[in-house]
Amino acid sequence: MSEEPPQGANNRMFNGPGGYRGAPKMVLGASPPPVTITKVFDAWNEMIENENQSLRDRVADLEKKVHEQTDEIMCLRSTLADVLRRISTIEGARALANNHAGGRATPTKDTVRLRHNNSDSARDVSKRASSYLPGRSPSSTQIRAKEAQYNGEEGIVKMYLRGRPINLYVPTPMRETYVPNGPSSSPPAKLKLEWVYGYRGRDCRNNVYQLPTGEIVYFVAAVVVLYNVEDQMQRHYLGHTDDIKCLAVHPNKLLIATGQTAGHDRRDARSWRLNPPSDPLSPEAEEWPHIRVWDSVSLNTLHVIGISDIERSVACLAFSKADGGSLLVAVDEAPDHNMSVWDWSRGERGYKLLETKCSADQVLAVDFSPVDRSTIITCGKNHISFWNYESGMLAKRMGVFENRERPKYVTSISFTDTGNVISGDSNGNLLIWQRGGNTVYKMVRGAHDGPVFSILVQKDGGIITGGKDGRIVEWDRDLERTGNVIEIPEQYGSPRVVTSGRGSQLVVGTTRNCVLGGTFTFPLRPVMQGHTEELWALAPHPGHHQFLTAGYDRTCYLWDTMAHTIVWSKDIGEHAQSAAFSNNGEIVIIGTTSGRWFVMDSETREMYSQHQDGNEPIQVLKFSPNGQYLAVGSRDNNIYIYQVSEDCRKYTRVGRCQGHSSFVTHLDWSADSQFLQTNSGDYELLFWNAGLCRQIAQTSQMRDVEWATQSCTLTFATLGIWPEGTDGTDINTCAKANQMDLLATGDDFGKIKLFASPACQQRARCLEYGGHSSHVTAVGFLQDDSRMISTGGRDTAVMQWVVSSNSSSSHR
């Protein structure tokens, strides 16, 4: 008897040759087969799996929506931050225009908050206390300064430096009324930091980031720069008092943490941890090594962390990622390189969750895992360490290289989106360490010829590395080369850090203190350049908004203050110590540390001649006001006088001024080009007949001479720039404005001060500005006094300040 296949859905079991397939055949009248327990479990498991898959799909959809909303929130925050930045810029420009127009407009509260509230206590930069305070000696070994004494009959005021008396002659019109300790005038102008030239890449890592606002954030000296390349605008966070060594950006891309070294007064002290300041926001606390967490929109300081906990300096920093950035990890530069984990947002000081010894060797980087909240990685000399943070304890596992070569340094680390660690080392190799483990999973030999300085994991999983060999290499997520390589020109150095810019762009910080921007398709171009070694020479152009700098990196730069760019650069092959423009601006003279000085065309850079005066550094160069003479001050204690001819291209030595018992530090010409006044390293003030190269013994005859410039720091007109208890070497440089009665100084503590000129009363009133982290080696005003330029020594930074009316500012 033939059987008809069942109707409906069951027809699918009767297909193909062989007829019915699947369930056993049923004979008419027979009972259905029993259902086994196995089939029940199978059906149950299938149902659970279907439900799980449905749940996973729903969770994936929710995660996708959360990420999309996160991106939207980030975009809104970025837009708001950019709007606030632009409003601040517009209002700042408007206030500056009012000042230059002679207006006395007072900024609104909102303007003040946006433009000046860049420290936790909303103090103006000019009022910040320096590492040297009046009444406190820079070191306990210094001799307390005596009060200046005035002899009215002879018109001589006697000041003391390190106990040594220095006689200064009071000008005739002031002899009857002069009082050394009388009231002094406030400076007639104030400064605002407009532009910072330079970047610290020579010895720092992971310190360049692109913010959602379009700004690039990096640091140099004691300044964090937020640079919008498209708008050619800079903003500056000025909360630090000394060298910034590291930087970390919060996952929300709005908050930033930066760590600094100990201040000038604390560098050699070991007892400072026993007596921490009671107030973390006090001026005294600024001298401790610490971390500052601040808002990149308002530039407000939110938290000051680690005072009395961090020793020497903050070496590296990182925010946690898996939990949205609630934790901050820091490694200091103590002998044991202590690592501390902070609940940074708890209170003004944050809350230290734990501290442990990290490594006896140098630590180069630290980072949190993006997927495991409790996982921290550190790397450096002879090690890579895997830390697990749990229940207030840190468990450490050292990386195991097994039979692979152990590098001297693990130089860089980064995480993939799955939580694996990629490390680069001094042998040029890349290693992958699987999530949760401490053994090598995969190794790529010879990724670079030399150390791997930077590893960037992109959003799509692709990887970009930068090495000491000057190459930037692109890899796919499996660490296979894509073929894209960038060769950085040698003049810019090696890529110290590579980070993502807008779109496909890369932002690169280099070992020669440059920030570059570009792609694998379009060549990298300099966004910011700077000096790489100690910087001493500064010469403002006599006719243009330009200035020249030169330093121990053997390079001279001519800068344009309006375009904020380098006009040209020149490698002179020697360490530069000093510089000067001819009066017409066509010639520039460069003095070197070997006693040699060069005559160079300021436009074509053609070298016309070179001269040798002794074998010691040429400390100072200056043309006479009439342009007929050049004075060359040397560290060999002499001043050499040259006659100038043939449009400043020919120099004939007139003679040598001998008489100083120490090296020449500063010199000024008289307005009539007949006389010189000079200072030396042992606090002398001598006068000279320039044409005869003879010292003027009767210094009282020089009391009424008008001086074309005021760069000598030890004169009657500069008596008030010396604080109480000062060392005679503390003040390195001073300069008088060209049209204004304004005097600027730079000192050993990274401070710039403004005084009314002449500053002839002891401890004259001043405005004080921070930003440099090293000794300020030179200050100088542009010809129209619209701006002032300052150079830092070892911080290699060049800073450009806008000079504006001081009608609404207060003095110290």
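**Entry 1**

I started with Val 40, which sits in helix α1, a helix covering residues 37–100. This is a predicted model, and I keep that in mind throughout.

**Entry 1: the cores**

In soluble globular proteins, nonpolar side chains tend to be buried together. With that in mind, I looked up the largest nonpolar core, which has 46 residues. Which of its members touch the most others? I noted Leu 191, Tyr 218, Phe 781, Met 788, Met 799 and Trp 801. Strand β4, residues 189–197, gives the most to this core, with six residues. Another core lies apart from it; that one has 27 residues, including Leu 168, Met 702, Phe 755 and Ala 764.

I then went back to Trp 801 and listed its contacts, leaving out residues up to four places away in sequence. Among them are Leu 191, Lys 192, Leu 193 and Glu 194, and also Ile 752, Tyr 769 and Met 788.

**Entry 2: Gln 234**

I found Gln 234 in strand β8, which runs over residues 233–237. Its relative accessibility is 9%, so Gln 234 counts as buried, the limit being under 20%. What does its polar side chain meet there? One polar atom of the Gln 234 side chain lies 2.8 Å from the backbone nitrogen of Val 196. The side chains of Gln 234 and His 236 are also joined by a polar contact of 2.8 Å. Further along in sequence, Gln 234 touches residues including Glu 194, Trp 195, Tyr 218 and Met 528.

I looked up a cis peptide bond next: it joins Ser 757 and Pro 758, with omega about 5°. Pro 758 is in the loop between β51 (752–756) and β52 (767–769).

Asn 382 has a phi of about 65°, and Asn 513 has one of about 60°. Where are they? Asn 382 is in the loop between β18 (375–380) and β19 (383–390), while Asn 513 is in the loop between β30 (506–510) and β31 (515–518). I checked accessibility too: Asn 382 is partly exposed at 32%, whereas Asn 513 is buried at 0%.

Methods: Residues numbered from 1 in each chain as written. Predicted model: local features only at pLDDT ≥ 70, side-chain atom pairs only at ≥ 80, totals over all residues. Heavy atoms only, no water. Helix = DSSP H or I, 4+ residues; strand = E, 2+ residues; numbered from the N terminus. Core = buried A, V, L, I, M, F, W, Y, C linked by side-chain atoms within 4.5 Å. Buried < 20%, exposed > 50% of the residue type's maximum accessible area, 1.4 Å probe, protein only. Contact = heavy atoms within 4.5 Å. Polar contact = N/O pair within 3.5 Å; in protein donor to acceptor, adjacent residues only side chain to side chain.
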